[in-house]
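The reader may wish to keep the structure in view while following the text.

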Amino acid sequence: MARHLTVGAAQMGPIGRDESRADCVVRLTSLLEDAASRGCELVVFPELALTTFFPRWFTDDADEMESWFEADMPNTATQPLFDRAKELGVGFSLGYAELVVGADGTRHRYNTQILVERDGTTVGKYRKVHIPGHESNEPGRPFQHAERHYFEPGPDGFEVWNAFGGRVGMAICNDRRWPETYRVMGLKGVELILIGYNTPLHYEPDPQQNALAGFHNHLVLAAGAYQNGTYVVGVAKGGIEEGVDSLAQTAIFAPSGQIVAQCITTGDEVAVARLDLDFCSFYNNTLFDFDRYRIPKHYRLIAEEGGGA
Ligand code: CDT
């Protein structure tokens, strides 16, 4: 039996600095309802979808920093989204800033994405591994990208979960530029990778890359999908947010590397595609048959005989 899954890539337009979590949850719920009315079983929201992209401002004040973070998920502000999703029988993936306080009182700040099943259970969390930008205040820039000041790298690497009838993994924004992000999950049999992003169109360290932002975005998402025989959902928070223009270009990629659905605006919009998860095996069982083409025959024989080297 074919394994079909209808997925919505729920792009968001800008979130203002003064927009509350509750304001964002109203927008997220509206996107979720739109997706559900179009048959979606899974809705993917962007990176840091509950706040403006706060790393564009530098602060050393610990309370101010942590004011952007969530200590619990769900919490009072996000519970209505979790409730509505469960009521509709729709799963979702949501990016947010996560504060983890250890038993010894140590505080850890992560850039996190959660995956929630259609029945409301949490499947898993992914904590961003590749933290871009800079550690210290750089006042000469038109805006800061101080992710390395706000977040520590996630300690868990790239996991893949059995969920939504397939093998699902997550990554966040800058992770999508690195081949190992996809490859680690690809070697674990991933069939669907969910990626939220905030990508400013101006890159201060090398502005000649500005004009290529859209090209590079689709280049890495398509290559990651094709080279690992997996669907990839790339979801932006786009548009001009607090004066900073960010890439939109939300799109869903097939294991062939082709785009199967995409947003056409830079604002709140859902792109929908009905995916056949079995389609992944066309690529993984032919051109990219890892066991056949990469595992040396000698090792395959040992494995088949059940022996050790
Ligand atoms: N959010 C995020 O990871 N953005 C980065 C911008 C890199 S420039 C500091 C990205 O790779 O899109």
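In this predicted model, strand S7 (residues 166-172) and strand S8 (residues 192-197) pair in the parallel sense, with five bridges between them. Within this pair, Ala-171 stands opposite Ile-195 in S8.

Both strands belong to an open sheet of six strands, whose order is S6-S7-S8-S9-S12-S13 and whose pairing is mixed. Strand S6 (160-163) and strand S13 (259-262) form the edges, each pairing on one side only. On average, neighbouring strands of the sheet are turned by 20° against each other, direction ignored.

Helix H5 (residues 179-186) packs on the sheet and touches S6, S7, S8 and strand S9 (231-236). The direction of H5 makes about 160° with that of S7. Helix H6 (residues 213-228) lies across S8, S9, strand S12 (251-253) and S13, and runs at about 30° to S12.

| Pocket | Volume | Lining residues by class |
|---|---|---|
| Largest pocket | About 580 Å³ | 10 nonpolar, nine polar, four charged |
| Second largest pocket | About 340 Å³ | eight nonpolar, six polar, seven charged |

The largest pocket is lined by 23 residues, and those closest to its centre are Asn-174, Arg-177, Thr-199, Tyr-203 and Gln-209. H6 gives the most to this lining, with four residues.

In the second largest pocket, 21 residues form the lining, and Arg-183, Gly-186, Asn-284, Phe-288 and Phe-290 lie nearest the centre. At least two residues of this lining come from each of H5, H6, helix H7 (280-284) and helix H8 (290-293).

Note on methods: Residues are numbered from 1 along each chain as its sequence is written. This is a predicted model: local features need pLDDT of at least 70, side-chain atom pairs count only at pLDDT 80 or more; totals for chains, interfaces and linings use all residues. Side-chain values use heavy atoms; hydrogens and water are left out. Two strands pair if DSSP finds at least two bridges between them. Axes are lines fitted to C-alpha atoms, for helices over the stretch in contact, and angles run from 0 to 180 degrees between N-to-C directions. Contact means heavy atoms within 4.5 Å. On a 1 Å grid over the protein atoms alone, a cavity is a set of points where a 1.4 Å probe fits but cannot get out, and a pocket is an open set with protein on both sides within 12 Å along at least five of seven lines; lining residues have an atom within 4 Å of a point. Grid points are joined across faces, edges and corners, and a volume is the space filled by probe spheres set on the points. Ala, Val, Leu, Ile, Met, Phe, Trp, Tyr, Cys and Pro count as nonpolar, Asp, Glu, Lys and Arg as charged, and the others, Gly among them, as polar.
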